[in-house]
Amino acid sequence: MDEKKLLLDLQSKLKYIFNNVSLLKLALTHKSYAYERTDLNQKEYNERIEFLGDAILEHIISDLLYNSSENYSEGEMTRKRAAIVCEASLSQAMKRINAQEYIYLGKCEQTTNGKMKDAIIADAFEAILGAIYLDGGYEIARDICLELLDVEIKTVLSGGSLNVDYKTKLQEVLQRHGNVKIEYITIKEEGPEHDKTFTVDLLYNDKKIGEGVGKNKKQAEQNAARQALEKYN
């Protein structure tokens, strides 16, 4: 399928047709892809539009919680908003429509299974939301956002939790085979001090079984454990 058809396919899943489809392509462009493209005059990728989408997402969910008939306190709204807009939640919503398959990644990210990394997928969610906002306005962006996150919103508002302790679950699975040695080793730290990205290797009896990326070490370790669970469950 060529690029035009791929972008049309994603638009049908988003239930929104862009007036300026280049905004959607920008939202899907990871910096690893932009840096590898020697044919591009400008190295444009999705971090700026993701910044915009992040702010819009916070506003949409804040507005939803504030206007809820439950009349949540400030603390309750803060906790519920954090649960709804977390990396795992956004990634989960994107995966439901298989949107991660449309992200433009460089060869390095492709070889490390970048299309399954929650950090990359969640960033793309926010970037796409920013693109929809620029292309169609706030109300359309809000409606699409709420539909995409419908499952996560209902789960959180009903008192459920989206946070799974994958490290504990993995340990329980592996310990069925007796004593095990599980290690999480930070192999990379990237980005400025206020916005770092961590990469962690997960070792099981000295053999690598998973890799995780996150905005902090804890998040990266959880993502590594979740990747490993897919192999052992």
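**Reading a predicted chain, feature by feature**

Guide: Let us start with N205, which sits in the loop between strands β2 and β3; helices (H or I, at least four residues) and strands (E, at least two) are DSSP runs, numbered from the N terminus. This is a predicted model, in which local features need pLDDT of at least 70, side-chain atom pairs count only at pLDDT 80 or more, and totals for chains, interfaces and linings use all residues. Residues are numbered from 1 along each chain as its sequence is written, and side-chain values use heavy atoms, with hydrogens and water left out.

Visitor: What is the phi of N205 near?

Guide: Most residues other than glycine have a negative phi. The phi of N205, however, is positive, near 50°, and N205 counts as partly exposed at 40% relative accessibility, where buried means under 20% relative accessible area, exposed over 50%, and partly exposed in between (1.4 Å probe, protein chains only). Another positive phi belongs to N71, near 55°, in the loop between α4 (47-66) and α5 (74-84), and N71 counts as exposed, at 65%. Just after helix α6, N98 takes a positive phi of about 60°, while just after helix α10 there is G159, with a positive phi of about 95°.

Visitor: Which residues of α11 are buried, and what do they pack against?

Guide: The buried residues of α11 are Y166, L170, V173 and L174. They lie on the same side of α11, because they cover an arc of only 90° around the axis, the arc being that of the directions from the helix axis to the C-beta atoms. These residues pack against β1 (182-190), β2 (197-204), β3 (207-214) and α12 (217-232), where contact means heavy atoms within 4.5 Å. Also in α11 is Q171, which is partly exposed, with a relative accessible area of 37%. The C-alpha atoms of Q171 and L229 are 9.5 Å from each other, although these residues are 58 apart along the chain.

Visitor: Which residues of helix α10 are buried?

Guide: In α10 (residues 150-157), the buried residues are E152, I153 and V156. Their arc is only 100° around the axis, which puts them on the same side of α10, and what covers them includes α4, α5, α6 and α9. Of these, α6 (residues 87-96) has buried residues of its own, namely E87, S89, L90, S91, A93 and M94.

Visitor: How many salt bridges does a search of the whole structure find?

Guide: Side chains of opposite charge can pair when their charged atoms come close. The search finds 18 salt bridges, each being a side-chain nitrogen of Lys or Arg within 4 Å of a carboxyl oxygen of Asp or Glu. One of them joins K117 and E109 at 3.0 Å, N to O, and K117 and E109 are both buried. Another joins D143 and R142, with the closest N and O atoms 3.3 Å apart; D143 is partly exposed, at 44%, and R142 is partly exposed, at 25%. A further one joins K196 and E189 at 3.8 Å, N to O, where K196 counts as buried at 16% and E189 as partly exposed at 43%. Salt bridges that share partners join E109, K117, D201, K208 and E211 into one network.

Visitor: Where is D135, and which side chain of opposite charge is nearest to D135?

Guide: D135 belongs to helix α8 (residues 118-136). D135 is buried yet has no salt bridge, and the nearest side chain of opposite charge, K4, is 15 Å away; here Lys and Arg count as positive and Asp and Glu as negative, while His and the chain ends are not counted. The side chain of D135 does reach the backbone nitrogen of N19, at 2.9 Å. Leaving aside residues up to four places away in sequence, D135 touches Y16, I17, F18, N19, N20 and L23.

Note on methods:
A polar contact is a pair of N or O atoms within 3.5 Å; within protein, one must be able to donate a hydrogen and the other to accept it, and residues adjacent in sequence count only if both atoms are side-chain atoms.
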